[in-house]
Amino acid sequence: NLSQRVINFIGPINNWKIALENSKGYDSNIILKNVLKNTLIAKNNLYFFERDGFLLKKNSISYNQLHLIMNIINIKNRGLNIVDFGGALASNYFKMKDIIDQKYKNKWHVIEQKNFVDLGNKTLKTKYLNFYNSINNIKNKKIDLIIFSGALQYLENPTEILKEVLKFNPEFVIIDRLPIMNKHSKNEIYIQKKGKYSYPVWHFTKKNLQLLFKYKYKLIENFSSEFDKDFYFRNKKIKFCGYIYKLNKDKIC
């Protein structure tokens with residue numbers, strides 16, 4: 001149903017609390033059940049893919065993410081410790097598992113809201129796949145790669161979360177499907193409406209994002225989202241972007 005997939009925005013909104021009070025959103029159990037149902041279908045049938053709660057009949061593997069993971073595996077000659085921040089019920093992992101696990105087994109950790117974590121650990125957890133509600137709960141803190149795919153913009157405090165995550169010195173960070181505003185000096189909050197659901201979302205500026213990585217990380221690649229179309233909102237262009245950062249080991253204190 002196309003009307004369920006059309007995205008609209010209201011804003012900018014003064015603060016996250018106001019935006020949240022005017023949203024009907026992602027903590028909904030209906031969405032959670034829908035994501036589980038579609039993740040299980042996608043997991044057991046290679047013809048289907050789950051993304052953002054929807055079941056797709058076309059390949060939705062991110063080749064930018066896949067290419068990066070395979071490159072790191074080839075460099076390290078071992079399985080990786082990967083953190084998927086906001087990874088829902090690990091549909092990203094199930095899409096790529098058979099490709100990335102051919103030579104070595106990779107450990108995949110999903111960081112999510114409590115209801116996703118409880119359901120994920122109950123229904124999908126394996127020796128190589130775990131769900132946590134905080135990065136601090138992961139036992140092996142030596143992280144090769146952190147993925148933020150269409151996730152950073154839905155966090156109330158994305159700047160604080162990124163700072164906390166970067167304290168663990170992950171070697172690579174990939175941020176994908178991030179809405180970037182051109183000609184803006186500060187990040188802004190909006191309400192995003194999709195079908196009958198709505199939730200707060202940040203639109204970022206490239207400058208503010210780069211500042212967070214400035215001292216310890218080097219931007220090694222940037223690209224356009226493979227799945228999201230750019231759009232104009234009140235004469236402002238919003239472009240969905242991706243960035244790959246690599247740890248500059250000389251700058252670690």
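Which residues are linked in a network of salt bridges? They are K76, E171 and K246. A salt bridge here is a side-chain nitrogen of Lys or Arg within 4 Å of a carboxyl oxygen of Asp or Glu.

Colleagues, a word on the source. This is a predicted model, in which local features need pLDDT of at least 70 and side-chain atom pairs count only at pLDDT 80 or more, while totals for chains, interfaces and linings use all residues. Residues are numbered from 1 along each chain as its sequence is written, and side-chain values use heavy atoms, without hydrogens and water.

I return to the network. Between E171 and K76, the closest N and O atoms are 2.6 Å apart. Helices (H or I, at least four residues) and strands (E, at least two) are DSSP runs, numbered from the N terminus.

E171 also forms a salt bridge with K246, at 3.8 Å between the closest N and O atoms. K246 belongs to strand β13 (residues 236-247), 75 residues from E171.

As for accessibility, buried means under 20% relative accessible area, exposed over 50%, and partly exposed in between (1.4 Å probe, protein chains only). E171 is buried at 10%, whereas K76 is partly exposed at 24% and K246 is partly exposed at 30%.

Finally, the structure holds 8 salt bridges. One of them joins D144 and R78, at 2.8 Å from N to O. D144 is buried at 3%, and R78 is partly exposed at 31%.
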